[in-house]
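User: I would like to go through a structure together, beginning with the overall fold and then moving to individual contacts. Could you show it first?

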Amino acid sequence: MASPCCPSEWYRKLGDLGRAREHLQQARAGIGALGDDECGQLIKGGLERLAEQLGEIV
């Protein structure tokens, strides 16, 4: 499950898939700043699951 504080997830739940994809793209653009620790892996995994829910290629 994506983070409850993730704007992409909010928009997906509201049915605004275009805006959800926009925020997902922004999150992906900054994902390189995350470490490869547990926290970074958790966030990356959440974004991957959200991308799948939006029909994006992971």
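This is a predicted model: local features need pLDDT of at least 70, side-chain atom pairs count only at pLDDT 80 or more; totals for chains, interfaces and linings use all residues.

User: What percentage of the residues is buried?

Analyst: Of the 58 residues in the protein, 22% are buried. Buried means under 20% relative accessible area, exposed means over 50%, and partly exposed lies in between (1.4 Å probe, protein chains only).

User: Which residues make up the largest nonpolar core?

Analyst: That core has seven residues: C6, A20, L24, L47, L50, A51 and L54. The elements giving two or more residues to this core are α2 (17–29) and α3 (38–53), and α3 gives the most, with three. A nonpolar core is a set of buried Ala, Val, Leu, Ile, Met, Phe, Trp, Tyr and Cys residues joined through side-chain atoms within 4.5 Å. In soluble globular proteins, nonpolar side chains tend to be buried together.

User: What is L54 in contact with, leaving aside its neighbours within four places in sequence?

Analyst: L54 is in contact with R12, L17, A20, R21 and L24. Contact means heavy atoms within 4.5 Å.

User: Let us turn to α3. How many residues has it, and how far does it reach?

Analyst: Helix α3 has 16 residues and reaches 22 Å from its first C-alpha to its last, close to the 22 Å expected at 1.5 Å a residue. The expected span of a helix is 1.5 Å times one less than its number of residues.

User: Which residues of α3 are buried, and what covers them?

Analyst: The buried residues of α3 are G40, G45, G46, L47, L50 and A51. Their cover includes α1 and α2. Just after α3, G55 takes a positive phi of about 75°.

User: Now to S8. Is S8 buried or exposed?

Analyst: S8 counts as buried because its relative accessibility is 1%. This residue lies in helix α1 (residues 7–14).

User: What does S8 touch?

Analyst: Not counting residues up to four places away in sequence, S8 touches A20, H23, L24 and L50. S8 and H23 are 15 residues apart in sequence and 5.2 Å apart in space, C-alpha to C-alpha.

User: Which backbone atoms lie by the S8 side chain?

Analyst: The side chain of S8 reaches the backbone oxygen of A20 at 3.3 Å.

User: A change of topic: how many salt bridges does the structure hold?

Analyst: The structure holds four salt bridges. A salt bridge is a side-chain nitrogen of Lys or Arg within 4 Å of a carboxyl oxygen of Asp or Glu.

User: What should I know about R12 and E9?

Analyst: Their side chains meet in a salt bridge at 2.9 Å, N to O. R12 and E9 are three residues apart in helix α1, so about one helical turn separates them. R12 is partly exposed, with a relative accessible area of 24%, whereas E9 is buried at 5%. A network of salt bridges links E9, R12 and K13.

User: And which salt bridges does E56 form?

Analyst: E56 forms a salt bridge with R21, the closest N and O atoms being 3.0 Å apart. E56 lies in the segment after α3 and R21 in helix α2, so this pair ties together parts that are 35 residues apart in sequence. The side chains of R28 and E56 also meet in a salt bridge (3.8 Å, N to O). That pair links distant parts of the chain, with R28 in helix α2 and E56 in the segment after α3, 28 residues apart.

User: How accessible are E56, R21 and R28?

Analyst: E56 counts as partly exposed at 27% relative accessibility. R21 is partly exposed, with a relative accessible area of 32%, and R28 is partly exposed, with a relative accessible area of 32%.

Notes: Residues are numbered from 1 along each chain as its sequence is written. Side-chain values use heavy atoms; hydrogens and water are left out. Helices (H or I, at least four residues) and strands (E, at least two) are DSSP runs, numbered from the N terminus. A polar contact is a pair of N or O atoms within 3.5 Å; within protein, one must be able to donate a hydrogen and the other to accept it, and residues adjacent in sequence count only if both atoms are side-chain atoms.
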